[in-house]
Amino acid sequence: MFYDLNIPWTSKDDPELSRTIVFLAELGYNVIALNQTIAGKITSKAANIANVIPEAPFPDQPGLRFLRRATVILDDPSQNYGLASLSNNFDIVAVRPTDEKLLLQACTNLECDLISLDLSIRYPFHFKYKVLGQAISRGIRFEITYAASINDSNARRNLLSNAAALIRATKGKGVIVSSEARAAAQCRAPFDVINLATLWGLNQEKGNAAIVNGPRAVMLQAKMKRQSFRGVIDVVDGGGAPRPKRDAQQQSTATISQKSLGKRKAAVEGKVAGAEEPAKELTKADAPSMNGKLPGGDNSENRPTKKQKQKGKKVADRG
Amino acid sequence: MVRVKQRYILFNILYPSAPASSLQSMVFCRPSPTNLTRTSLAAAIRASLSHNFGDWGIGQAGSFAVKYFSPATSTGILRITRDNYRLLWATLTFMRELSGQPVVIKVARVSGTIRKAEVEAVKLAEETIRRVRREERAGSGGAAVAALFAGATSKAKAEMGQNAGDSDGEIVVEMDIVDSDGDPE
């Protein structure tokens with residue numbers, strides 16, 4: 001599963017966009033986030049900014065999954081951006097700080113999933129681990145976009161130095177790579193991107209994580225923040241009509257991701273579900289600490305792994 | 001005496017400027033223009049290497065060789081010393097156009113022996129043929145693909161020694177690797 005979390009949305013009829021999407025599928029990507037950039041002042045009323053991206057924008061691409069993402073450009077430290085309300089309409093909420101103060105603010109207390117710095121320009125300050133580390137410990141990741149560097153030599157220079165600085169400051173953790181490609185010609189295949197990441201100072205393993213596990217964690221974490229009970233418990237299947245086969249057997253088992261928390265969580269689940277009939281649920285512990293191993297998710301993600309099934313059975317037996 | 005370790009980079013050239021009207025999965029894998037040969041490809045890669053990595057880059061990775069290039073399938077194999085293959089790979093990634101057309105070069109495989117690269121190339125070619133056939137059979141815009149490949153496929157098939165009329169499997173793809181050491185220039 002390869003992710004590209006930044007493809008700027010233009011319109012459904014834009015031939016370049018649809019060409020880009022088909023080309024990404026050809027290159028081997030599986031999940032694509034369509035990005036809507038929000039700039040300027042956000043008044044409190046407009047905080048409920050409508051999502052212009054349709055739910056299923058390209059139905060003729062069965063192999064691809066689409067996410068909807070909003071990127072808010074931060075340029076005024078005193079403004080309240082109302083990011084929490086944005087997350088109702090979008091799958092991922094990202095911010096793009098423009099100076100050091102806003103970067104600090106984004107790292108420490110803004111409600112976002114992703115910090116996307118424009119690395120094709122020169123910044124008059126250094127990236128410090130003290131600042132960036134706070135974001136990483138909150139589970140927020142940093143995005144490096146490579147498309148600008150494909151086109152423009154000057155942007156390439158800045159990207160090389162900025163990306164190297166960012167990777168040095170974050171020690172290679174919590175970095176994801178995406179394209180921000182406005183044309184098909186600016187996209188590159190996943191393994192080519194990993195090779196580029198090795199050029200910036202990541203090793204093969206971390207480069208791979210930057211395009212597979214990292215984006216996946218961002219996606220799931222954003223989903224958990226939005227849907228779950230305090231970002232901890234999510235009801236995946238709240239009983240209802242029994243599904244055939246495999247699921248029926250699991251109806252009474254609660255799949256629990258962390259052993260130590262198991263019993264307490266199971267008790268809480270009962271309350272949350274509030275139903276007499278047993279429900280199959282997925283619990284998860286504090287999102288940021290889990291990183292890439294979140295069991296919750298949707299269609300392709302919500303099937304528990306073998307290990308989890310066994311664990312679930314054990315818990316059921318004990319209870 | 002320790003022998004020199006090499007890496008063989010198998011790459012595909014994709015053409016992203018396909019017409020948006022007939023967006024099929026195969027539409028980006030087009031045959032290369034005829035003026036793109038092993039020599040001109042090597043020159044273009046060297047120019048990109050020089051542009052991106054300067055004299056140092058040429059010194060490090062300039063001793064690559066284009067071992068094989070098929071314009072019909074837009075597939076090729078490069079040879080480079082093991083220490084510098086990432087540099088050459090990045091050079092390929094940063095390439096934007098070849099003989100006036102926008103291109104994206106996708107590295108399909110990096111291997112230690114040319115034999116494995118060759119096997120992988122044959123496998124990819126077979127997959128491509130199978131995919132075209134499947135789309136043709138499905139009929140979903142297969143005509144567009146067929147039209148696109150009408151000129152190219154006959155050439156490709158002739159070149160690859162592929163049996164055109166044979167519809168029940170058994171695809172034979174042959175490659176002709178020029179095994180001359182040193183640069184083609």
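**Exercise 1.** What covers the buried residues of H7(A)?

*Solution.* This is a predicted model, in which local features need pLDDT of at least 70 and side-chain atom pairs count only at pLDDT 80 or more, while totals for chains, interfaces and linings use all residues. Residues are numbered from 1 along each chain as its sequence is written, and chains are lettered from A and ligands numbered from 1 in the order in which they are written.

Start with the helix: nine of the 11 residues of H7(A), residues 190-200, are buried, so it is largely enclosed by the rest of the structure. Buried means that 20 or more other C-beta atoms, placed from the backbone, lie within 10 Å of the residue's own. Among the buried residues are A:Phe191, A:Ile194 and A:Trp200. Next, look at the cover: it includes H1 (15-27), H6 (153-170), S7 and H8 (204-211) of chain A, together with H2 and S6 of chain B. Helices (H or I, at least four residues) and strands (E, at least two) are DSSP runs, numbered from the N terminus.

**Exercise 2.** Which element gives the largest share of the side of chain B that touches chain A?

*Solution.* The contact takes 17 residues from chain B and 20 residues from chain A, counting C-beta atoms, placed from the backbone, within 7 Å. On the chain B side, H2 (85-93) and S6 (104-111) each give two or more residues. H2(B) has the largest share, with four residues.

**Exercise 3.** In which order do the seven strands of the open sheet of chain A stand?

*Solution.* The order is S1-S2-S3-S4-S5-S6-S7, with parallel pairing; a pair needs at least two bridges found by DSSP. S1 (3-8) and S7 (175-178) of chain A are at the edges, each with a single partner strand, so one side of each is left without a neighbour in the sheet.

Key
Two residues are in contact if their C-beta atoms, placed from the backbone, lie within 7 Å. A residue is buried if 20 or more other C-beta atoms lie within 10 Å of its own, exposed if 12 or fewer, and partly exposed in between; C-beta atoms are placed from the backbone.
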